[in-house]
Amino acid sequence: MTIFQFALKRSLRNITNILLLTLFPIACIFLPEGEVWPFIPYGYQYFGILILFIGIRLASIILEDREKGVVKRLAVTPVSHFQYLSQNLLAYAIILILQSSIVVYGGVLFGQELYQPVWLLLLYVSFSFASLAIALAWISIYRRKEISFLIYMSFIFLVVVLGGIMIPIEIFPNLLKRIAVIFPTYWLAEGLDWVVFGENILDFLLINGVLWLYTIIFLIIGSTRKIY
């Protein structure tokens, strides 16, 4: 598990990553509730945006390895591509799960109204895996980390607005409502609404199932493309 341990250390070795991985998630705990919308405190509505940023930030470490020729050098060692990729992704997934746990149970201790904290945590975990898989697929089509990251910022803006995270989807025209369904952020927003109002567990399972479908599809895309 050397690659796994190294990936954990690299994730925390610069100030930008430390801010993204520690201070910003903790700040989410203390943001207030909205008067009308969102239905949960702002920090929990917008935590999904932070997960998307963190996902691409962590996945960019793999792209950085490709830029520096690290991945190519590993190809001539006994370490397989599967070992390299799986141990990196495992490290990133653990970071995202820990973050989600801190945000949810930090909010519970702080006294935020989170309605169903356990289901909220499960929703964030599902979305974290989807975010990581999408980021992996994204970086697999780029050769430069800076370009990949900058374009992904535009992508995040698009999916959080059209997906109903920043703006209630109910105010959208019917056409945009139909388009929104294709974005993972739409399912995160649906899941957040379920945490507040939902009663039928099958609806929640469907929402998480869609997020895991995104995870599987983009993991396959991101892990099978040539990364040397």
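Analyst: Let's start with one residue. Setting aside neighbours within four places in sequence, Tyr92 is in contact with Ala7, Ser11, Leu58, Ala59, Ile61, Ile62 and Leu132. Keep in mind that this is a predicted model.

Tyr92 also turns up when you look at the core as a whole. The largest nonpolar core has 71 residues, and the members touching the most others are Tyr44, Ile62, Tyr92, Leu120, Tyr124, Tyr152 and Val160. Helices H1 (2–11), H2 (15–29), H3 (42–68), H5 (81–110), H6 (117–139), H7 (145–162), H9 (184–197) and H10 (201–224) each give two or more residues to this core.

How does that sit with the record? An unreviewed UniProt entry annotates "transmembrane region" at residues 12–32, 44–63, 89–112, 118–142, 149–169 and 201–221. In the model, the 89–112 span is 92% helix and 0% strand, with its end C-alpha atoms 31 Å apart. The 12–32 span comes out at 71% helix and 0% strand, and its end C-alpha atoms lie 28 Å apart.

Now for a charged residue. Glu64 is found in helix H3, and it counts as buried because its relative accessibility is 12%, under the 20% cut-off. Not counting residues up to four places away in sequence, Glu64 touches Arg10, Arg13 and Lys145. Gly43 is 21 residues from Glu64 along the chain, and their C-alpha atoms are separated by 30 Å.

Leu23 lies in helix H2. With a relative accessible area of 49%, Leu23 falls between the 20% and 50% cut-offs, so it is partly exposed.

Two loops are worth a look as well. The loop between H5 and H6 holds Tyr115. Phi of Tyr115 is near 65 degrees, a positive value in a residue other than glycine. Tyr115 is partly exposed, at 40% relative accessibility.

To come back to where we began, Tyr92 and Ile62 are in contact, and both are among the core members that touch the most others.

Key. Residues are numbered from 1 along each chain as its sequence is written. This is a predicted model: local features need pLDDT of at least 70, side-chain atom pairs count only at pLDDT 80 or more; totals for chains, interfaces and linings use all residues. Side-chain values use heavy atoms; hydrogens and water are left out. UniProt positions are given in the numbering used here, feature names are shortened, and annotations may be inferred rather than shown by experiment. Helices (H or I, at least four residues) and strands (E, at least two) are DSSP runs, numbered from the N terminus. A nonpolar core is a set of buried Ala, Val, Leu, Ile, Met, Phe, Trp, Tyr and Cys residues joined through side-chain atoms within 4.5 Å. Buried means under 20% relative accessible area, exposed over 50%, partly exposed in between (1.4 Å probe, protein chains only). Contact means heavy atoms within 4.5 Å.
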